[in-house]
There are 2 protein chains.
Amino acid sequence: MDASPPVPPLPQGRRSAIRRENERLILIAAEKVFAEAGFGGATMQLIADRAGLPKANLHYYFATKEDLYRRVVETIFTIWLRAAEAFDQAPDPATGIGAYIAAKMRISRDHPYGSKVWASEVMHGAPVIQDYLETTLRSWTEGRIAAIRRWIDEGRMAPIDPRHLLYMIWATTQHYADFTHQIETLNGGKPLSDRQWKAATDSVTAIILRGIGAA
Amino acid sequence: MDASPPVPPLPQGRRSAIRRENERLILIAAEKVFAEAGFGGATMQLIADRAGLPKANLHYYFATKEDLYRRVVETIFTIWLRAAEAFDQAPDPATGIGAYIAAKMRISRDHPYGSKVWASEVMHGAPVIQDYLETTLRSWTEGRIAAIRRWIDEGRMAPIDPRHLLYMIWATTQHYADFTHQIETLNGGKPLSDRQWKAATDSVTAIILRGIGAA
DNA sequence: GTGTTCCCTGACCATACGGTCAGGAAATGA
DNA sequence: TCATTTCCTGACCGTATGGTCAGGGAACAC
């Protein structure tokens, strides 16, 4: 879990600026390489090259390849959890779910590599973050399901299965990150423009909100 | 593209039963291993073990790891294309899109490994099947977009963006294959039952059809 | 039978990988 | 200034990988 080197952090808990900066460089490079090559296909040498550091230096900050990988996966998971705040404190499904979709679409655009690493991890059986699935993700999901069910009981939306609604939102929003390459190919080889990202978000939001009778 | 050994097939074009059977065993094992470990993480030795054959025998039938991988990816792509027939000859969107969703959900259940291999391939930039994306998939997509546009013009469904509708269908249906592990974890660690698969298909169909005003 | 094609595989090879380590440089604190 | 901690890295190691190959066995056509 902790990726610190053998020596514990400074007593003051203030990691030196050098350490912080290098960890940042390494994590950025690692996210990209893991996303593009998968855990098995990624090499420490390639990550080192992208970070502009010697390979041995990576092992100074991250003991093993798996430690580094775990940190990358945890990062995107944390970002997604934060986006869920859009869900809470919303008076009605159109507001709450609409905001959640918008937040997740924005993350897909801003953190496509992290999303891919997560997808890859889950597809391979979540060997590294199984505990997160069973604890944090499970309880988060239960909470959201309860909220949706409340909206249904109040007659604010159609009686759909909350669980499959959540899966649909995850699948659709993350698709724009995980399948970026396919989408770009079908877009004439060019990345989606600002306007196209907005159109995508609007389309997804419109179909889902109308689909659950909350439009 | 062709994964035949140096020696060309029999003149009669009838590959021996031995060859056909062994290729089948290898492809089944390879699909699973590639799905579980990714291209980089998969090893020929592991595939050989799963197929119950010596490693050298794999290289007799498939010259390289990449040849074998390509065959696996092509297989799932072909299966998906066949499912698209449900789309055609449908008089209205509810029938056509409903049948397409049902077909894709069934494939997600029957071929989860192939779906994962495809997802992994696309996520890594489609190094092996880029030509398929640019030719077959692109023209298939254009055709379907035209069909949807026709339905919209005829007032049979709401004027949504056909492209994003297709992405949503792909994303959602394939999610049940690619994220099987996450879904099972959130299902108490158990695979979806027949009943739950039906509920999933019904939920997805209901939300999308109502979402596009075709329910 | 017998010649020919197809099938099989243990042993091997070059390469590349994750990880280690000793020893030095740079920063930090008193 | 000088002692101590932190940071850095070239060289190295054991292992595992994709792929090769020679030589032998099975199947089949005639």
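In the predicted model, the domain assignment divides chain A into domain 1, spanning residues 17-70, and domain 2, spanning residues 72-211. The centres of domain 1 of chain A and domain 2 of chain A, taken over C-alpha atoms, are separated by 27 Å. Contact between these domains involves 11 residues of domain 1 of chain A and 10 residues of domain 2 of chain A.

The size of an interface is often given as the accessible area lost when the parts come together. Between domain 1 of chain A and domain 2 of chain A, the buried area is about 1100 Å², and carbon and sulfur atoms give 61% of that area. On the side of domain 1 of chain A, 63% of the area buried against domain 2 of chain A is supplied by A:E31, A:Y69 and A:R70, more than by any other three residues.

Two helices of chain A, α1 and α4 (65-83), each supply at least two residues of the side of domain 1 that touches domain 2 of chain A. Of the elements on this side of domain 1 of chain A, α1(A) gives the most, with seven residues. By class, the side of domain 1 of chain A that touches domain 2 of chain A comprises six nonpolar and five charged residues, with no polar residues.

The protein surface near DNA strand D was then examined. DNA strand D is surrounded by 19 residues, the closest being A:S16, A:A56, A:Y61, B:K55 and B:K65. Of the atoms of DNA strand D that come within 4 Å of the protein, 60% belong to sugar and phosphate. Both chains are represented among the contributing helices: α1 (17-41) and α3 (55-61) of chain A, and α3 (55-61) of chain B, each supply at least two residues of this surface. The most is given by α3(A), with four residues. The surface near DNA strand D consists, by class, of 10 nonpolar, six polar and three charged residues.

In chain A, a side-chain N or O atom of A:Y60 is 2.9 Å from a phosphate oxygen of DNA strand D.

Technical notes. Residues are numbered from 1 along each chain as its sequence is written. Chains are lettered from A and ligands numbered from 1 in the order in which they are written. This is a predicted model: local features need pLDDT of at least 70, side-chain atom pairs count only at pLDDT 80 or more; totals for chains, interfaces and linings use all residues. Side-chain values use heavy atoms; hydrogens and water are left out. A residue is near a molecule or strand if one of its heavy atoms lies within 4 Å of it. A polar contact is a pair of N or O atoms within 3.5 Å; within protein, one must be able to donate a hydrogen and the other to accept it, and residues adjacent in sequence count only if both atoms are side-chain atoms. Ala, Val, Leu, Ile, Met, Phe, Trp, Tyr, Cys and Pro count as nonpolar, Asp, Glu, Lys and Arg as charged, and the others, Gly among them, as polar. Domain bounds come from an automatic or database domain assignment. Contact means heavy atoms within 4.5 Å. Buried area is the accessible area (1.4 Å probe) that two parts lose on being put together, summed over both.
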